[in-house]
Amino acid sequence: MISRNVIRQSLKIFAPAMFLLICCSIGAFAQSPAEAQKAIEVSFKDAGLKTAVSAIATQLNLNVVFDDSVKDERLTLDLKNVTAKQVLKILLIQKRLQARTIEENTIIVFPDNETNRQRYSQYELWPSKSDATK
């Protein structure tokens with residue numbers, strides 16, 4: 001039979017150890033990256049541009065509006081260890097597009113040329129400079 005002293009000694013060791021384990025778990029959880037910053041793998045094969053942009057924007061909780069002059073070209077893209085935000089930036093650059101925030105969580109995507117930049121100049125660039133640090 002186990003004596004009370006042995007049980008008390010065990011609790012003195014076990015209780016602080018459990019407390020540290022719980023604290024470490026909470027700390028690790030608090031440091032986990034946000035959904036938009038998690039590394040993902042993306043593969044589009046002969047997909048429509050608008051479909052690809054919309055799919056990635058959905059992961060970022062963004063709604064997308066396309067300017068009428070955006071062509072729904074076919075694209076193939078295979079990326080590993082990137083964030084959803086990086087994928088969207090790559091798509092925009094690769095297809096010579098630009099995005100601007102027109103409302104909270106809504107962006108407009110348009111061909112990146114001087115006419116369109118002037119047309120949408122009242123809206124903030126996406127991602128905004130403050131987003132670049134996040």
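Visitor: Is Asp 112 buried, exposed or partly exposed?
Guide: Asp 112 is partly exposed, with a relative accessible area of 35%. Buried means under 20% relative accessible area, exposed means over 50%, and partly exposed is in between, with a 1.4 Å probe and protein chains only. This is a predicted model, where local features need pLDDT of at least 70, side-chain atom pairs count only at pLDDT 80 or more, and totals for chains, interfaces and linings use all residues. Residues are numbered from 1 along each chain as its sequence is written, and side-chain values use heavy atoms, with hydrogens and water left out.

Visitor: Which residue meets Asp 112 in a salt bridge?
Guide: Arg 117, at 2.5 Å from N to O. A salt bridge here is a side-chain nitrogen of Lys or Arg within 4 Å of a carboxyl oxygen of Asp or Glu. Salt bridges with shared partners also join Asp 112, Glu 114 and Arg 117 into one network.

Visitor: How many salt bridges are there in the whole structure?
Guide: The search finds 5. One of them pairs Asp 67 with Arg 119, at 3.0 Å from N to O.

Visitor: What parts does that pair tie together?
Guide: Asp 67 is in the loop between strand 2 (63-66) and strand 3 (74-82), and Arg 119 is in helix 4 (residues 114-119), so the pair links parts 52 residues apart in sequence. Helices (H or I, at least four residues) and strands (E, at least two) are DSSP runs, numbered from the N terminus. Asp 67 is buried, at 5% relative accessible area.

Visitor: And what does Lys 95 pair with?
Guide: Lys 95 forms a salt bridge with Glu 73, with the closest N and O atoms 3.3 Å apart. Lys 95 sits in the loop between helix 3 and strand 4, and Glu 73 in the loop between strand 2 and strand 3, so this pair joins parts 22 residues apart in sequence. Lys 95 is partly exposed at 21%, and Glu 73 is partly exposed at 36%.

Visitor: Which elements give two or more residues to its lining?
Guide: Helix 3 (84-94) and strand 4 (97-103). The lining residues include Lys 89, Trp 126 and Asp 112.

Technical notes
1 Å grid on protein atoms, 1.4 Å probe; cavity = no way out; pocket = protein on both sides within 12 Å on 5 of 7 lines; lining within 4 Å.
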